[in-house]
Amino acid sequence: MSETIQRKVALVTGAGSGIGRACARRLLANGFTVVLAGRRAAPLEALVQEAHERSEEALAVPCDVTDAAAVDALFDTIRTRYGRLDLLFNNAGRNAPAVDIDELSVDDWRAVVDTNLSGVFLCTRAAFGLMKQQTPRGGRIVNNGSISAHAPRPFSIAYTATKHAITGLTKSVSLDGRRYDIACGQIDIGNAATEMAERMARGVPQANGEIAAEPLMDVEVVADSLLHMAQLPLSANVQFMTVMATKMPFVGRG
Ligand SMILES: NC(=O)c1ccc[n+]([C@@H]2O[C@H](COP(=O)([O-])OP(=O)(O)OC[C@H]3O[C@@H](n4cnc5c(N)ncnc54)[C@H](OP(=O)(O)O)[C@@H]3O)[C@@H](O)[C@H]2O)c1
């Protein structure tokens, strides 16, 4: 019987580390076929190896999400290999040096916009096209926002601007997707213990100019949340979910 039930197909960008890896592992463990994308092949292949040892179905496709041709090739592979996509987790992201606005180079600005915003657009554009044509029609897109989609940290103009922009992108896709049974939601994470967030535990600039260490939460909590969103029927959607370290500075203005 299980052979006649098609596994749901998911694509996770930035799957080789941190939140993407934890979420990919969780989806695999819950019966999803997972396509793993990221620029570096080695961590993706390591995850595929691990998945195959557990008889899970994973495929590594190295891809730079800022490269439109590479994203098209990624989706060609998904279409050819699996014929459909049920879940896109737009997770790949990056930060820029924490400097005053006038000291941020144009190249650093563009690199963050290209990855955190245009990369999400390119993957969403391709997923939308596939999801609206496939049978059964529809699918789900989850965008990885941030607490920075709500409030900036000091010295974070590029990161904060792109994460705020993701909120608009999420709302647009959510609206335009209705006609095609495409649900779109956003997960706004605060201080999950990954390489990117390591510096939070060491001490980061606060609004009052002090440097303070901040509490982190286990990245597995994010995987729990993403799985919950991923397993909903397409008739229901978590539009926005904020999952954060309980005592991090945000609520209460500090
Ligand atoms: N950790 C947190 O507390 C936190 C809080 C809020 C939001 N987030 C968001 O969560 C996401 C993942 O962050 P993380 O904490 O897990 O950090 P991370 O371990 O640095 O993960 C970032 C991932 O994105 C991939 N990536 C970067 N640029 C890429 C590109 N151009 N094309 C394809 N893949 C690319 C990286 O792989 P390659 O280098 O191999 O490409 C890496 O696997 C980001 O969007 C981040 O903004 C994290």
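Mentor: Let's begin with a loop. Phe155 sits in the loop between E5 and helix H5 (157–177). Helices (H or I, at least four residues) and strands (E, at least two) are DSSP runs, numbered from the N terminus. Also, this is a predicted model: local features need pLDDT of at least 70, side-chain atom pairs count only at pLDDT 80 or more, and totals for chains, interfaces and linings use all residues. Residues are numbered from 1 along each chain as its sequence is written.

Trainee: What is the phi of Phe155?

Mentor: First, the general idea: most residues other than glycine have a negative phi, and most peptide bonds are trans. Phe155 has a positive phi of about 60°, though it is not a glycine. Asn191, in the loop between E6 and helix H6 (198–202), also has a positive phi, near 60°.

Trainee: And which peptide bond is cis?

Mentor: The one joining Thr135 and Pro136, with omega about -10°. Pro136 is in the loop between H4 and strand E5 (139–144).

Trainee: Is Asn191 buried or exposed?

Mentor: You count neighbours. A residue is buried if 20 or more other C-beta atoms lie within 10 Å of its own, exposed if 12 or fewer, and partly exposed in between, with C-beta atoms placed from the backbone. Asn191 has 22 other C-beta atoms within 10 Å, so it is buried. Phe155 has 18 C-beta neighbours inside 10 Å and therefore counts as partly exposed.

Trainee: How do I read the sheet?

Mentor: Strands of a sheet pair through backbone hydrogen bonds, either parallel or antiparallel. Here, two strands pair if DSSP finds at least two bridges between them. Seven strands form an open sheet in the order E3-E2-E1-E4-E5-E6-E9, and the pairing is parallel. E3 and strand E9 (240–244) stand at the edges with a single partner strand each, so one side of each has no neighbour in the sheet.

Trainee: Which strands pair with E2?

Mentor: Strand E1 (residues 9–13) pairs with E2 in the parallel sense over five bridges, and Val12 stands opposite Leu36 in E2. Five bridges also join E2 to strand E3 (residues 58–62), again running parallel. Val35 has Leu59 as its bridge partner in E3, while Val34 stands opposite Ala58.

Trainee: How buried is E2?

Mentor: Six of the six residues of strand E2 (residues 33–38) are buried, so the strand is largely enclosed by the rest of the structure. Both faces are covered: Thr33, Val35 and Ala37 lie on one side, with Val34, Leu36 and Gly38 on the other.

Trainee: Which units does E2 take part in with helices?

Mentor: E1, H1 and E2 make a right-handed β-α-β unit, and E2, helix H2 (residues 41–53) and E3 make a right-handed one as well. A crossover is right-handed if, with the strands pointing away from the viewer, the path from the first strand over the helix to the second runs clockwise.

Trainee: How many residues surround the ligand?

Mentor: A residue is near a molecule if its C-beta atom, placed from the backbone, lies within 6 Å of it. For the ligand that gives 29 residues, and the closest are Gly14, Gly18, Arg39, Gly93 and Met196. The elements giving two or more residues to this shell are helix H1 (18–29), helix H4 (106–133) and strand E6 (182–190). H1 gives the most, with three residues.
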